[in-house]
Amino acid sequence: MATLSNIWQYLIAHYSASVLEFVGSLFIQICFFWLPATAYLTLDYIAPSFSQRHKIQPPPKQPTAAEIRHCGLIVLRNQLMSMLLHLLLIYLSNTLNNQSSLRIDATLPSLPEFVRDIFLSLLIRELLFYYTHRLLHTRPLYARIHKQHHRFTAPVALAAQYAHPIEHLFANVIPIALPPQILRSHLLTNWAFLAFELLETATVHSGYDFLAGSAKKHDLHHEKFLVNFGSLGVLDWVHGTEKLGKKIAAD
């Protein structure tokens, strides 16, 4: 902890809050989304027998190499869009002499504060994502916006952010970015929450049955559409959407 504190104090002393917030968030995106997503994709090439053994859906449903390349370009576009938006918000905040919604100072968050903010952020994210996702499955929004994401009925990790720009903003970015800001969490807590969510979404879209079967529920959502809308499963349980068969306006 002392070493982490020293590193953090060095960063605070040598870089502005804006630079730390933007560059750190970009670094988290690379380490906890692009690297895991690439690792999942390379399993087909470096361990093909292992990969086929653990794929949830059969080979005929798997996307082609061309579809995966197209997916990568759309994901890159979406991330560039969210990066530009992040830069714009930081610029406006600095121009108006407003402080960041996150706490950025030389002290580390205490363990109780860190655990509390991560727990509450997970709950708020579940609330925002579940209802946004359900809304995207209503007839007009599904056809115009969300259908693009469901092009991958057998998803791959990169497909986690394969989406219409409006969906990427309201279903992917805001439900993760907003909770720590509502709570005025420490920047390090925000990074930890972002890292967890990015790794989780890459994993549940990976299409593999290992890691305690964490991808199976969301894989079923991509295959059947009307089940498992949430991330934690709490609101799916509350609304009865954790199982097939409930009538839901969609498609």
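This is a predicted model: local features need pLDDT of at least 70, side-chain atom pairs count only at pLDDT 80 or more; totals for chains, interfaces and linings use all residues.
Where does S101 lie? S101 sits in the loop between α4, residues 65–95, and α5, residues 111–136.

The protein has 11 helices and 0 strands. Read from the N terminus, the elements run α-α-α-α-α-α-α-α-α-α-α. On overall shape, the C-alpha trace spans about 55 × 40 × 35 Å along its principal axes. How does the radius of gyration agree with that of a compact globule? For 251 residues, a compact globule would have a radius of gyration near 18 Å, and the protein has 19 Å, so the two agree.

Next, cover and surface. Of the 251 residues, 43% count as buried. The accessible surface comes to about 13,400 Å², and 69% of that belongs to carbon and sulfur atoms. As for contacts, take those between residues at least 6 apart in sequence: 75% of them join residues at least 24 apart.

Now back to S101. This serine is partly exposed, because its relative accessible area is 29%, between the cut-offs of 20% and 50%. Which residues does S101 contact, once neighbours within four places in sequence are left aside? They are Q181 and R184. With Q181 there is also a polar contact, side chain to side chain, at 3.5 Å. Another way to see how the chain comes together here is to take S101 and L178. They are 77 residues apart in sequence, yet their C-alpha atoms are 9.4 Å apart in space.

R184 is partly exposed, with a relative accessible area of 44%. Its backbone is worth a look on screen: phi of R184 is near 50°, a positive value in a residue other than glycine.

In helix α7 we find N172. Is N172 buried or exposed? N172 counts as buried, because its relative accessibility is 16%, under the 20% cut-off. The side chain of N172 makes a polar contact with the side chain of H168, at 3.1 Å. Not counting residues up to four places away in sequence, N172 touches A160, Q161, A163 and E167.

Helix α8 covers residues 187–204, which is 18 residues. From its first C-alpha to its last, α8 reaches 26 Å, close to the 26 Å expected at 1.5 Å a residue. This helix is mostly covered, with 15 of its 18 residues buried.

The last topic is charge. How many salt bridges does a search of the whole structure find? The search finds 5. I will go through some of them.

One is between K55 and D44, where the closest N and O atoms are 3.2 Å apart. This pair links distant parts of the chain: K55 is in the loop between α3, residues 48–54, and α4, while D44 is in helix α2, residues 17–46, and the two are 11 residues apart. The partners differ in cover. K55 counts as buried at 14% relative accessibility, whereas D44 is partly exposed at 31%.

Another salt bridge joins the side chains of R116 and D117, at 2.9 Å from N to O. Here D117 counts as buried, with a relative accessibility of 1%.

Which residues are linked with R103 in a network of salt bridges? D105 and E113 are linked with R103 in that network.

To close, two things to find on screen. Start at S101 and look for its contacts with Q181 and R184. Then go to K55 and follow its salt bridge to D44.

Key:
Residues are numbered from 1 along each chain as its sequence is written. Side-chain values use heavy atoms; hydrogens and water are left out. Helices (H or I, at least four residues) and strands (E, at least two) are DSSP runs, numbered from the N terminus. The expected span of a helix is 1.5 Å times one less than its number of residues. Buried means under 20% relative accessible area, exposed over 50%, partly exposed in between (1.4 Å probe, protein chains only). Contact means heavy atoms within 4.5 Å. A polar contact is a pair of N or O atoms within 3.5 Å; within protein, one must be able to donate a hydrogen and the other to accept it, and residues adjacent in sequence count only if both atoms are side-chain atoms. The radius of gyration is taken over C-alpha atoms; the globule rule is 2.2 Å times the number of residues to the power 0.38. Accessible areas come from the Shrake-Rupley method with a 1.4 Å probe; for residues, only the protein chains shown count as cover. A salt bridge is a side-chain nitrogen of Lys or Arg within 4 Å of a carboxyl oxygen of Asp or Glu.
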